[in-house]
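Please keep the sequence and the model in view while reading the points below.

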Amino acid sequence: MNCKRDVVFPANRHALYELHRYSPAIRSNGFMFVSGQVGSRKDGSPEHDLEAQVRLAFANLNAILAEAGCSFDDVVDTTIFMLEPDSKFETIWKVVAEYWGEAPYSTVTAVGVTWLAGFDFEIKVIVKLPE
């Protein structure tokens with residue numbers, strides 16, 4: 001059986017979706033699964049300043065959430081990937097707190113990685129869609 005994917009594309013989407021052949025988000029059975037979002041400018045290049053890169057990653061994520069009619073308050077699971085967490089975690093977490101919302105928070109898994117295609121931070125979420 002072949003299911004049609006219910007893809008969510010944000011307005012003003014960046015070039016990485018076409019370049020790397022993936023969908024920003026897929027809605028399925030009351031949930032939305034959002035691909036990892038990075039601090040990508042419209043042309044797909046990374047923002048170089050770490051704090052600005054994290055803010056841009058959240059702006060890209062929030063554009064997808066808004067397109068689906070939801071917000072970060074609807075996020076139930078978060079995965080964060082970062083390069084060099086020993087030296088970058090505190091800077092990243094300070095910026096993340098600006099977007100995190102109020103308790104109760106989503107679940108979160110933070111992973112240190114060795115490669116993010118030129119980026120230092122990536123955030124991936126699962127959302128419970130509003131009914």
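**Backbone features in the loops**

Glutamate 84 is placed in the loop that runs between strand E4 (75-83) and H3. The model is a predicted one.

- Glutamate 84 has a positive phi of about 45 degrees, although it is not a glycine.
- With a relative accessibility of 49%, glutamate 84 counts as partly exposed, because exposed residues are those over 50%.
- Asparagine 29 is not a glycine either, yet it has a positive phi of about 50 degrees.
- The loop between strand E2 (25-28) and E3 is where asparagine 29 is found.
- Asparagine 29 is exposed, its relative accessible area being 76%.
- Alanine 103 and proline 104 are joined by a cis peptide bond, with omega at about 5 degrees.
- Proline 104 belongs to the loop between H3 and strand E5 (107-113).
- As background to these points, most residues other than glycine have a negative phi, and most peptide bonds are trans.

**Salt bridges**

- The structure contains 8 salt bridges, and the points that follow describe some of them.
- Glutamate 51 pairs with lysine 94 in a salt bridge whose closest N and O atoms are 3.0 Å apart.
- Glutamate 51 lies in helix H2 (residues 50-67) and lysine 94 in helix H3 (residues 85-99), so this pair ties together parts that are 43 residues apart in sequence.
- Glutamate 51 is partly exposed at 25% relative accessibility, and lysine 94 is partly exposed at 47%.
- Glu51 and Lys94 also belong to a network of salt bridges that links them with Arg55 and Glu98.
- Arginine 41 forms a salt bridge with glutamate 47, and the closest N and O atoms of this pair are 3.6 Å apart.
- Arginine 41 is partly exposed, with a relative accessible area of 30%, and glutamate 47 is partly exposed, with 21%.
- Lysine 128 and glutamate 131 meet through their side chains in a salt bridge, at 3.8 Å from N to O.

**A nonpolar patch on the surface**

- Which residues form a nonpolar patch on the surface? The patch consists of Phe31, Phe33 and Val76, which together have about 220 Å² of accessible area.
- Phenylalanine 33 is part of strand E3 (residues 31-38).
- Phenylalanine 33 counts as partly exposed, at 36% relative accessibility.

**The largest pocket**

- Rolling a probe the size of a water molecule over the atoms shows where empty space is left.
- The largest pocket holds about 190 Å³ of space.
- Its lining is made up of Leu16, His20, Tyr22, Gly36, Val38, Trp115, Leu116, Ala117, Phe119 and Glu122.
- Helix H1 (16-20) supplies at least two residues of the lining of the largest pocket, and so does E3.
- How many residues of the lining are nonpolar, polar and charged? The lining divides into 7 nonpolar, 2 polar and 1 charged.

**Distances between parts of the chain**

- Valine 8 is located in strand E1 (residues 6-8).
- Valine 8 is buried, with a relative accessible area of 2%.
- The C-alpha atom of valine 8 is separated by 23 Å from that of leucine 116, and the two residues are 108 residues apart along the chain.
- Leucine 116 is also one of the residues that line the largest pocket.
- Valine 108 is a residue of strand E5.
- Valine 108 is partly exposed, with a relative accessible area of 38%.
- Between the C-alpha atoms of valine 108 and serine 40 the separation is 22 Å, and these residues are 68 residues apart along the chain.

How values were computed: Residues numbered from 1 in each chain as written. Predicted model: local features only at pLDDT ≥ 70, side-chain atom pairs only at ≥ 80, totals over all residues. Heavy atoms only, no water. Salt bridge = Lys/Arg side-chain N within 4 Å of Asp/Glu carboxyl O. Buried < 20%, exposed > 50% of the residue type's maximum accessible area, 1.4 Å probe, protein only. Helix = DSSP H or I, 4+ residues; strand = E, 2+ residues; numbered from the N terminus. Patch = residues over 30% accessible without salt bridge, like charges linked within 9 Å, V, L, I, M, F, W, Y side chains within 5 Å. Areas by Shrake-Rupley, 256 points an atom, 1.4 Å probe, with all protein chains shown as cover. 1 Å grid on protein atoms, 1.4 Å probe; cavity = no way out; pocket = protein on both sides within 12 Å on 5 of 7 lines; lining within 4 Å. Points joined across faces, edges and corners; volume = space filled by probe spheres on them. Nonpolar A, V, L, I, M, F, W, Y, C, P; charged D, E, K, R; others polar.
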